[in-house]
Amino acid sequence: NNAYKGANVALDSYEEYLKKYDFDLSVRAENLKLEIPNGQRVVVLGNSGVGKTTFLNMLAGITPYSGSIEDLPKPLGYVFQEPRLLEKLSVKQNLQYVGGEESQIFALLEKVGLLSCKDKKAGSLSGGEKMRVALCRAFLKRPKLLLLDEPFSAVDLSMKIKLLDCFKTLCKPFLLAVSKLSVVTSFAIDL
């Protein structure tokens with residue numbers, strides 16, 4: 001049975017990581033406990049620099065921590081704050097690089113309004129277009145949990161609404177980290 005039943009996160013500390021990178025140790029999470037029930041959408045809201053990205057990186061296994069993360073569904077999808085595309089490749093090639101089939105790629109690009117950009121070099125896209133390609137890349141892996149780190153910072157409100165619709169149809173559970181309450185309230189009815 002591959003049904004995702006939810007995740008339990010218990011992080012004691014990530015002080016060693018903070019020391020290594022010279023972060024302010026006066027503000028840090030300790031003894032954090034979080035349950036993410038199956039199919040839930042969770043928003044982590046906080047000011048810049050409070051550790052939202054670090055928290056997502058710990059969940060993704062990028063940042064070391066002490067404690068435990070149990071029952072985190074695999075595969076995870078992760079959309080970083082910056083798109084991290086291969087700038088010299090086309091949009092289509094960027095998505096094929098992660099194993100996407102052409103029909104699936106075109107369907108996703110159509111959903112996010114970028115089908116006409118499929119042959120453009122990623123480096124020629126606007127910031128918002130690049131972020132939408134990064135979102136398509138995450139969806140291609142059909143993640144059971146999608147980690148989103150400020151994914152709407154470069155897109156306008158109408159595109160935010162369109163992308164949220166994509167989240168609902170393509171990946172039910174997600175963990176969204178944002179620093180602006182306006183992003184959360186834009187979606188309050190749907191979250």
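Visitor: In what order do the four strands of the open sheet run?
Guide: Welcome! This is a predicted model, where local features need pLDDT of at least 70, side-chain atom pairs count only at pLDDT 80 or more, and totals for chains, interfaces and linings use all residues. Residues are numbered from 1 along each chain as its sequence is written, and side-chain values use heavy atoms, leaving out hydrogens and water. Strands (E, at least two residues) and helices (H or I, at least four) are DSSP runs numbered from the N terminus, and two strands pair if DSSP finds at least two bridges between them. The open sheet has parallel pairing, and its order is S3-S7-S6-S5.

Visitor: Which strands stand at the edges of the sheet?
Guide: An edge strand has a single partner strand, so one side of it is left without a neighbour in the sheet. The two in that position are strand S3 (41–45) and strand S5 (76–79).

Visitor: What is the bridge partner of Leu148 in S7?
Guide: S6 and S7 pair in the parallel sense over four bridges. In S7, the partner of Leu148 is Leu176.

Visitor: What angle does the direction of H5 make with that of S5?
Guide: H5 packs on the sheet, touching S5 and S6; contact means heavy atoms within 4.5 Å. Axes are lines fitted to C-alpha atoms, for helices over the stretch in contact, and angles run from 0 to 180 degrees between N-to-C directions. For H5 and S5 the angle is about 175°.

Visitor: How far apart are the ring centres of Tyr78 and Phe80?
Guide: Rings of Phe, Tyr and Trp (its six-membered ring) pair if their centres lie within 6.5 Å, and planes under 30 degrees apart count as stacked. Tyr78 is buried at 13% relative accessibility, and Phe80 is buried too, at 18%. Their pair is stacked, with 15° between the planes, and the centre-to-centre distance is 4.1 Å.

Definitions and conventions
Phe/Tyr/Trp six-rings, centres within 6.5 Å; stacked < 30°, edge-to-face > 60°. Buried < 20%, exposed > 50% of the residue type's maximum accessible area, 1.4 Å probe, protein only.
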